[in-house]
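My entries follow in the order I made them.

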Amino acid sequence: MPDAVSAADAGATATIGNPAINISIFGVFVLITLVITFRASRNNASAADYYAAGRNISGTQNGLAIAGDYLSAASFLGIAGAIAVYGYDGFLYSIGFLVAWLVALLLVAELMRNTARYTMADVLAFRMRQGPVRTAAAISTLAVSLFYLLAQMAGAGGLVTLLLGVTGEAAQALTVVLVGALMIVYVLVGGMRGTTYVQIIKASLLIAGALVMTLWVLGKFGFNLSALLGGSVENAVEGRDVLAPGAQYGATGTSKLDFVSLGLALVLGTAGLPHVLMRFYTVPTAKDARRSVVWAIWLIGIFYLFSLVIGYGAGALVGPETILAAPGAVNSAAPLLAFELGGTVLLGIIAGVAFATILAVVAGLTITASASFAHDVYASVIKKGQVSPNGEVRVARITAVVIGAVAIGLGILALQAGLNIAFLVALAFAVAASANLPTILYTLFWKRFTTQGALWSMYGGLIACIVLIVFSPVVSGAPVNPATGLSPSLFQDVDFHWFPLNNPGIVSIPLSFFLGWLGTILSKEKPDLDKNAELEVRSLTGIGAEKAVQH
């Protein structure tokens, strides 16, 4: 880490741009998205409308919405900052996030769309005992969503803090509360349809904004990529080679192992993210599901190429010391670069896009988590299917408020610790890859898989992943960052960590696969081969995909 900057330099970056202009652009974005959400709410006549947008979103629209859901604050703010500060190692996040889509495309997208109705648990419980499997899937969905929400709320708080010049923990906490309140409004009013439209607009704006910044940065260096990289090298922290691997992962054997663990979580996590899987249920056909993933891969891949230029551009034109000294630390790189390039107006536009990014993603996460509880736990387990669609949607809305409140509290903690939101999202991917993916793959491809195997895999992977995170340097015991005077751990001034890695994927993912196999082998329950045959036909052909999964 770089040496601490002077108080004067830190103060100079406490606010960038004109807060009045920044908040005006924020207001325009929020107003437009709220109007869209309220208009979309007129068509929410049924549970299918609220959960799956009536299953009438086209493949192209859904591809844009998936990109909008996936290109979160971590992609725009966290990765740009990681590249600006660490160079090559920061870009590894982009590679992991992008390659992960091949797993989703080849293994789960079409099959999940053909089999499920509203949630991931519709697939997992298809040939298992409904109650325990749906409950486990809902708990896993809530855990993944909360980790992801934690990152987005921290990013929102850091962004607004930087742009509005608010200081003090109370003011920062208030910004997180306001973001959370907006998120809850989107979900309560618009449902999946409103969320989808917001995500489409947000993805279009984000990619357009990233394109403008990319061309502007390249123009500063005569459209010479070598000159851009050279400028980043000159401005890098002394002794750090930002063009070679090892700046962040590679200093020690532990950090190399941490990188392998991170890579596993990123590549395998996407196919287990409930809010991404839920997007496949909004399209009318399996062909549209495949088309939406192909569109998403292209859009996300192009954006990550832009993020490479933006990150190195921030390193060259702003400098890592200035970035780390600003409110939001690493996450402030993209807004600081926008201000450096185009002054207050470009800063306001880019920050507004980033803010819309966060709102769209948190809305998608919240509706997924609330739908999982209402559909899988309340309607299917507690009420045994004896509940009206309106009653189910009402419970989903109440759950959304509760989840929003919890996310606000955790987001305040993460913001004050100054954690990199790309890294926080990587933890969500680790939970998804550990708790969900092994069970999904076993359910789809192993006919002997049983309820006990599913429960051992989900609960074992989830518990192992969360325990290792709690006792890792992410939560306590990480060395103090001299630039900020704070430890990057969630809790300061305590150290109860014993697991050396920041990301637990290398342990928890194989363990979850093993437990799924072991639970099945040791189970006295005979697999339901008839149901497995029905699942296989349904997943491959889409026959019966519109019907409720009830038995």
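**Entry 1: α18 and α20.** The model is predicted. I began with helix α18, residues 437-445, and helix α20, residues 505-522. I read an angle of about 40° between them, and their axes lie 9 Å apart. I noted the pair as oblique, because an angle under 35 degrees would be needed for roughly parallel. The crossing of α18 past α20 is right-handed. From α18 I listed Pro438, Leu441 and Tyr442, which meet Ile509, Ser512, Phe513, Gly516 and Trp517 of α20. Sorted by class, the residues of this α18-α20 contact are six nonpolar and two polar, with no charged ones.

**Entry 2: α4 and α13.** Next I took helix α4 (residues 59-70) against helix α13 (residues 286-317). Their angle is about 45°, with the axes 7 Å apart. That angle makes α4 oblique to α13. I recorded a right-handed crossing for α4 and α13. On the α4 side the contact residues are Gly59, Thr60, Asn62, Gly63, Leu64, Ile66, Ala67 and Tyr70. On the α13 side I found Asp288, Arg291, Ser292, Trp295, Ala296, Leu299, Ile300 and Tyr304. The α4-α13 contact divides into nine nonpolar, five polar and two charged residues.

**Entry 3: α9 and α15.** I then turned to helix α9, residues 169-220, packed on α15. The angle is about 150° and the axes are 5 Å apart. α9 is therefore roughly antiparallel to α15, the cut-off for that class being over 145 degrees. The crossing of α9 and α15 is left-handed. I noted 28 nonpolar, eight polar and two charged residues in the contact of α9 with α15.

**Entry 4: the core.** Which residues touch the most other members of the largest nonpolar core? I found Tyr70, Tyr93, Phe97, Trp101, Met112, Phe280 and Phe355, out of 158 residues in that core. Helix α15, residues 333-382, gives the largest share of this core, with 22 residues.

**Entry 5: Phe97.** I followed up one of those core residues. Leaving out residues up to four places away in sequence, I found Phe97 touching Tyr70, Ile79, Leu266, Thr270, Tyr304, Val425 and Phe429.

Conventions:
Residues are numbered from 1 along each chain as its sequence is written. This is a predicted model: local features need pLDDT of at least 70, side-chain atom pairs count only at pLDDT 80 or more; totals for chains, interfaces and linings use all residues. Side-chain values use heavy atoms; hydrogens and water are left out. Axes are lines fitted to C-alpha atoms, for helices over the stretch in contact, and angles run from 0 to 180 degrees between N-to-C directions. Helices (H or I, at least four residues) and strands (E, at least two) are DSSP runs, numbered from the N terminus. A crossing is left-handed if the near helix is turned anticlockwise from the far one by less than a right angle, and right-handed if clockwise. Contact means heavy atoms within 4.5 Å. Ala, Val, Leu, Ile, Met, Phe, Trp, Tyr, Cys and Pro count as nonpolar, Asp, Glu, Lys and Arg as charged, and the others, Gly among them, as polar. A nonpolar core is a set of buried Ala, Val, Leu, Ile, Met, Phe, Trp, Tyr and Cys residues joined through side-chain atoms within 4.5 Å. Buried means under 20% relative accessible area, exposed over 50%, partly exposed in between (1.4 Å probe, protein chains only). Angles under 35 degrees count as roughly parallel, over 145 as roughly antiparallel, 65 to 115 as roughly perpendicular and the rest as oblique.
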